[in-house]
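Subject: Structure handover

Dear colleague,

Please find the structure below. My notes on its aromatic pairs follow.

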Amino acid sequence: MSVLTRDAAQSRAKFLDVHSYTIELDLTTGDETFDSVTVIRFAARANGDTFVEVRPAALHSVTLDGEPLDPQTLDDNRLPLTDLTAGEHELRVRASMRYSRTGEGMHRFTDPTDGETYVYTQLFMDDVQRVFAAFDQPDLKAVFDLTVKAPENWTVLANGTTEHLGDGRWQAAPTPLISTYLVAVAAGPWHSVRTEHRGLPFGLHCRRSLAPHLDADTDELLEITRQCYDRYHEKFTEPYPFDSYDQAFVPEFNAGAMENPGLVTFRDEFVYRSAVTDTERQTRAMVIAHEMAHMWFGDLVTLQWWDDIWLNESFAEYMGYQTLTEATRFTDTWTDFGVVRKAWGYDADQRPSTHPVAPENVDDTAAALLNFDGISYAKGASALRQLVTWLGEKDFLAGINTHFARHKFANATLADFIDSLAAHTERDVHAWADAWLRTTGVDTLTPTLSGSNGDHTLTVTHHGSRPHRIAVGLYDLDLADEGRHLTLRERLDVDIPQQAPQPLGKRPALLLLNDGDLTYTKVRFDPASFETVRTGLSGLPDPLTRAVVWNALRDAVRDGELAPTAYLDAARAHLPQETDLALVQGVLAFAAGQIADRYLTPEQRPAALATLSALCRDLIRRTEDGDHPDLRLIAVRHFIGVAAHPDTIDAWLTEGTVPGGPELDPDLRWRVLARLAVLGATDEAAIAAELARDPSATGQEGAARCRAALPDADAKRTAWAAMFESDDLSNYLFTATAQGFWQPEQADLVAEYVPRFYEDAVAVAARRGPAIADAAGRWAFPAHAVTPHTLHLGNQCLTTTAPTPSLRRKLIDQLDDLARALRVREA
């Protein structure tokens, strides 16, 4: 496929003024394709040539101003429009388009539970061409007028309110000016819940088989939606810019959600079939808040080109967490951000594929797609949080509202955004932007304490280039509690680079840089503070403070400065007393997924699993009174994941419950069965029986994961063929199969597939496109094989083959993580 370059987009934007699209989609023409008719009304500002994008299964006819054009001139995904004269034009394109099974374009899904079929669009970046012809770039906004023909029992949702005209035809209200990638359709026999808030129609939608689960959470979902909506109207002077607000939970969705104006689509795992923790509910709420923020930042005001992805994502990420904290019962969201999202950003920023938050070299759409990562989301949101700390929230919001007023229903750049902020402050926002948004890498702050008796000073060594405004926490031991608890003496505001040593008075037991997690940096401890952390971490009073400490320990392990076993020792000592769910989940996930599986040698791994099993047992015992069901659920999940022997979890599966609870719901049953498969303690008959018990889409994925995990040569051969030798697996079934295939316990069994991965992944990525390329690089990579030979094979692949951009980026990241794991083992 020809990708759109920035130069071509800029030239076309100067040449064209696009007014409107009239689109007719017919979803009744079969299971493989649908019909698409597009009428584009536009003006050429001068005489000349241009092109329109379309990727049809069959291009039936094209007319320009009533005159036919030759469909055979279509070159890949570009249809040339030559010899245009200055003035108004009308282009009409009739085509058959192919349904997708990879979550791109118009995705089609048949629910195995009841046989009902659903379709929805994901048109991000350059996938609109899979659904209708378009001048596909974000700065050619237009009005979209959409009609859809669907089977009689279906409901059609779109960006605007929809009306059923009869005979299966649905008309959507015309949109305001929006970008092509934001057009959305979702059609099928939806289960819908509708209401109004402040005169605006609200809707929740899911497939019928999930109806009881959506209904159980309807009150919570609508309450969060109303609270965020009201809070944004307090923050923003521009009112919500669209005619309705629908939230559709759709199957096999590649992202967490997509901010289509008026019709946000979410992955339908957010309609919970099984028990979840309150932190998981908070994550769902944050995604709701994030996507609603996009209605203003992204949809009302849209980036001009994809180098400003961060203007969409960083803003929505920051605003989602902040608004959730201000407006809902989830008042501790920044702890979860610190544990989960910032770790994602820190990791991404230390790989060779890192890039500035606001890069200047996004030359085409293929390059842009790679930047939807921990930099654009987590680092960018962290930068904005630091900006608010430095600038003040009042001036920050004033700048935001100026930005909306100046650019509503249009496009804007980083320079426009900074100019809007600068209009409300005397501070040099342009210099701040250069230091924070145009640079790469993570700064490191290291404290040095000098002095004696009650007269100590702090000097902070700054490895990096960015200015920081941080809080420094001074903590003393609570001597009345045998030294187990720490009390906050004082928080000091310190600007980095530091102008002069900071007076402290009496030396604290713990000095913590970046207390409150207001900036984006790695921090280290002075020796005395590290000893306090080792013995007293769980005695820190605030979960966000503990998150900063745990992140510092995590960073030290990854940098080879702290032994992985020391991290496990800290987890073993302090997690049994931990109360914050996000911290327990985050520490256990890193300890199991990175330390036990990658950073320790195969010989060390059994001891690590034993430590983690004992830790989870402690948490399970601690929660026997029933007062902490969420903590117990986390402990049970992780106990299953690290079980080295099948007896206990097999008994749970047989009894259908953990003694003392919880009962095994579908999620826990599939988790247990997957671990039993890894351990060779189950078989195909048991997997088939469980699938008969749970024939849902999630059950199909669970079965695929279990079958791929069986320690059997035939099972591995079948799973490999399904992933790489046929193109039948959907994006979700591909991922599930890949998740089951590689297991540290089965290294010898799958050794022959390690060299095969590179060649086969390159081939499948080229055949099946970016979504499967991403899944192959993320989930099908042999991450367990931490050996120099695996690293050599990967580097050889990068130099001797031509992976697609999506796969190449994933391989670069995976190989860098592999090299880091080798360095940690050597250290």
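Rings of Phe, Tyr and Trp (its six-membered ring) count as a pair if their centres lie within 6.5 Å; planes under 30 degrees apart are stacked, over 60 edge-to-face, and the rest tilted. By this rule there are 51 aromatic pairs.

This is a predicted model, in which local features need pLDDT of at least 70 and side-chain atom pairs count only at pLDDT 80 or more, while totals for chains, interfaces and linings use all residues. Residues are numbered from 1 along each chain as its sequence is written, and side-chain values use heavy atoms, with hydrogens and water left out.

Helices here are DSSP runs (H or I, at least four residues), numbered from the N terminus. W720 is buried at 0% relative accessibility, and F724 is buried at 5%. Buried means under 20% relative accessible area, exposed over 50%, and partly exposed in between (1.4 Å probe, protein chains only).

The pair of F741 and Y753 is edge-to-face, at 5.1 Å centre to centre and 85° between the planes. This pair links distant parts of the chain: F741 belongs to helix α22 (residues 731-741) and Y753 to helix α23, 12 residues apart. F741 is buried, with a relative accessible area of 0%; Y753 is buried too, with 2%.

Regards

Key
Helix = DSSP H or I, 4+ residues; strand = E, 2+ residues; numbered from the N terminus.
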